[in-house]
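This report describes one protein chain for a reader who has not seen it before. Please look through the sequence and the model first; the text then goes from the whole chain to single residues.

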Amino acid sequence: MQQVNEQLPIPIFLIDKNLQILGCSPEAEEQFNVNFSLLDVIEGESRDKVKQQVHPDQGKRKLEIKRY
């Protein structure tokens, strides 16, 4: 898995259009059990919100979710 090297000390995920994790920051690896899908680190009731609102063609957007 590609590691994303960002200057901000926050968890960052690089995902594809199917929400598969392509890379992540060291902070993401430390704070989450990083598997293959972003949905694996998101709490059940927030998954539908992510599926509906996170798309590459929509660009950046603010989204509050619950994590495990």
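Buried residues make up 24% of the 68 residues in the chain; buried means under 20% relative accessible area, exposed over 50%, and partly exposed in between, with a 1.4 Å probe and protein chains only. The model is predicted: local features need pLDDT of at least 70, side-chain atom pairs count only at pLDDT 80 or more, and totals for chains, interfaces and linings use all residues. Residues are numbered from 1 along each chain as its sequence is written, and side-chain values use heavy atoms, with hydrogens and water left out.

**Overall layout**

The chain holds 2 helices and 3 strands, in the order β-β-β-α-α along the sequence. Helices (H or I, at least four residues) and strands (E, at least two) are DSSP runs, numbered from the N terminus. Among contacts with a separation of 6 or more, 21% link residues 24 or more positions apart, where contact means heavy atoms within 4.5 Å.

Strand β2 and strand β3 (residues 21-24) run antiparallel and are joined by 3 bridges; two strands pair if DSSP finds at least two bridges between them. Phe 13 stands opposite Cys 24 in β3. The hairpin has 5 residues between its strands, and Leu 19 lies in this loop. Phi of Leu 19 is near 70°, a positive value in a residue other than glycine. Most residues other than glycine have a negative phi. Leu 19 counts as buried because its relative accessibility is 7%.

**Ser 37 and its contacts**

Ser 37 is found in the loop between α1 (26-31) and α2. Leaving aside neighbours within four places in sequence, Ser 37 is in contact with Leu 19, Gln 20 and Ile 21. A polar atom of the Ser 37 side chain lies 3.1 Å from the backbone nitrogen of Leu 39.

**Helix α2**

Both Gly 44 and Ser 46 lie in helix α2. Ser 46 is in contact with Ile 65 and Lys 66, when neighbours within four places in sequence are left aside.

| Residue | Relative accessibility | Class |
|---|---|---|
| Ser 37 | 11% | buried |
| Ser 46 | 5% | buried |
| Gly 44 | 35% | partly exposed |

**The largest pocket**

The largest pocket contains about 720 Å³ of space. On a 1 Å grid over the protein atoms alone, a pocket is an open set of points with protein on both sides within 12 Å along at least five of seven lines, and lining residues have an atom within 4 Å of a point. Grid points are joined across faces, edges and corners, and the volume is the space filled by probe spheres set on the points. Of the 20 residues in the lining, Phe 13, Ile 15, Leu 38, Val 54 and Arg 61 are the closest to the centre of the pocket. The elements that give two or more residues to this lining are β2 (13-15) and α2 (44-53), and β2 gives the most, with 3 residues. By type, the lining has 13 nonpolar, 3 polar and 4 charged residues. Here Ala, Val, Leu, Ile, Met, Phe, Trp, Tyr, Cys and Pro count as nonpolar, Asp, Glu, Lys and Arg as charged, and the others, Gly among them, as polar.

Conventions
1 Å grid on protein atoms, 1.4 Å probe; cavity = no way out; pocket = protein on both sides within 12 Å on 5 of 7 lines; lining within 4 Å. Polar contact = N/O pair within 3.5 Å; in protein donor to acceptor, adjacent residues only side chain to side chain.
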